[in-house]
Amino acid sequence: MIFTNIPKLLKYLPTTLEIAVIAYAASLIVGFLVALVKIKKTKVLYQIVSFYVSFCRGTPIIVQLYATYFGIPMILQLINARFGTHLSSGFIPNIVFALTALSLNDAAYSSEYIRASIESVEAGQREAAHSIGMTTWQTLRRIVIPEAMVVALPSLGNSFINMIKNTSLAFTCAVIELTAGGQLIAGRNYRYFEMYISLAIVYWVITFVLSRVFGLAEKRIRRNEKEVDRRAGNQRAAKELPQA
Amino acid sequence: MLEIKGLQKSYRRLEVLRGVDLTVPDGSVVGIIGSSGSGKSTLLRCIDYLERPNAGHITFDDVSFDVTDASKEDIRYLKSHITMVFQSFNLFKLKTALENVMEGLVIVRKLEKAEAKRIAEHALDQVGLLDWADHFPNQLSGGQQQRVAIARALALDPKVILFDEPTSALDPEMIQEVLKVIRDVAKSGKTIIIVSHEMNFIYDICDKVVFLADGQVAVEGTPREVMVETDDERIRQFVAKVNFIDYADQYSI
């Protein structure tokens, strides 16, 4: 029963992955921008993002999901009343509400990892890049971000795994993903316990694979810690040794 | 030719440079000495625009500007022809020696990879580290890292190379290998400004020595004039403290 459920569940897997990947990508972009504001301490913007981060970290994600689901249509109505437009939330797919809430929530956390990791890069690395004539953007892209990634990757991997699990809350916005799909199937024969075990297995397999992928990525990015062929250097060193 | 007039730099209330004048003719080697806190490093950092000076006038070849209204093009011209070698090497950690040297050629000078590699290998060969091209900074000794850093500067063929205490962070047995490389660079005719506490080395390679004190040029002249024949008490005390062996006196005994 537990294992025969799994093939039926796979129908809903693409929705779950779609939410997770898109929300996570959006979260990284927003998190990066928030981190830049926090590092540069831009006036006004700094206060706004501080409030945003504090709010998202201080309220339950399920509350944020409901707030988004009910809030966006109300904002549209407000705009309609004020400006005489005819915007309607009926055309917005439900998944958009879930994506908005999940990505904004995650960005609040990832902005902190990203900020800390960028600040961990030694100033000398940036100065050396500037000294050879690289622009601020080139320095960021070629030097700072790769080095910051070494520090941030474990946390970012963690937050992606969290995102996968948080997609199970998307049902609050009427999106049928893995968990909601499983509940629908279980509703037919009331075998809820078996279904939840099946769901647990599916989630666990996904997150297990992901943690392996992030582990490999980390190894790849810490390329300077790889053992290199030292023979060439050693041969030279041997040549330089004084003859006994 | 690089000409600096009245350069000032302060951090909040702390005045570090209080109107420095410095002339560096093409192909010359200028040494800057002075006790710590006299503004030597800040002067170099202002010349490479790692710090923004507060006032002063900079003339470099045909470009001449006041630092208070320097245009982006002026600064870019200055930065693209002046390169710094740092006290703590500052090699890019995640790049091999070869990639460190290639980075500026590929990203800033927009050269083809193959061409950049050829130039970078030549530069590494000049500092005697071609065999170590594939090693990462954490796999090299301090002296080797500094030589790669010098190769990184050389590869870009800048008009001026700034050395900011290039041997201060090194273990004693590695100082000589780095000084030898710097000497070779000086002999090749490159314009150099060097801040160092290696007094004998400064005495040896420099055409001109500048003694900075309290953010101003106290004395300048040939190494002999500044370090031996001076009657400025501050320099006498400084030179006595840093173990400068005056060759002239040594031989006359």
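Visitor: What makes β1 and β4 of chain B a pair?
Guide: This is a predicted model, in which local features need pLDDT of at least 70, side-chain atom pairs count only at pLDDT 80 or more, and totals for chains, interfaces and linings use all residues. Residues are numbered from 1 along each chain as its sequence is written, and chains are lettered from A and ligands numbered from 1 in the order in which they are written. Strands pair if DSSP finds at least two bridges between them; β1 (residues 2–11) and β4 (residues 55–60) of chain B share 5 bridges in the antiparallel sense, so they count as a pair. I4(B) has I58(B) in β4(B) as its bridge partner.

Visitor: Why are β2 and β5 of chain B called edge strands?
Guide: The open, antiparallel sheet of chain B has 4 strands in the order β2-β1-β4-β5. Its edge strands, β2 (14–24) and β5 (63–66), each pair on one side only.

Visitor: Why is the crossing of α1(A) and α9(A) called right-handed?
Guide: A crossing is right-handed if the near helix is turned clockwise from the far one by less than a right angle, and left-handed if anticlockwise. The axes, lines fitted to C-alpha atoms over the stretch in contact, with angles from 0 to 180 degrees between N-to-C directions, cross at roughly 65° and come within 9 Å. The crossing of α1(A) and α9(A) is right-handed, so the turn is clockwise.

Visitor: Which residues of α1(A) meet α9(A)?
Guide: I2(A), N5(A), I6(A) and L9(A) do, their partners including M195(A) and V202(A); contact requires C-beta atoms, placed from the backbone, within 7 Å.

Technical notes: Helices (H or I, at least four residues) and strands (E, at least two) are DSSP runs, numbered from the N terminus. Two residues are in contact if their C-beta atoms, placed from the backbone, lie within 7 Å.
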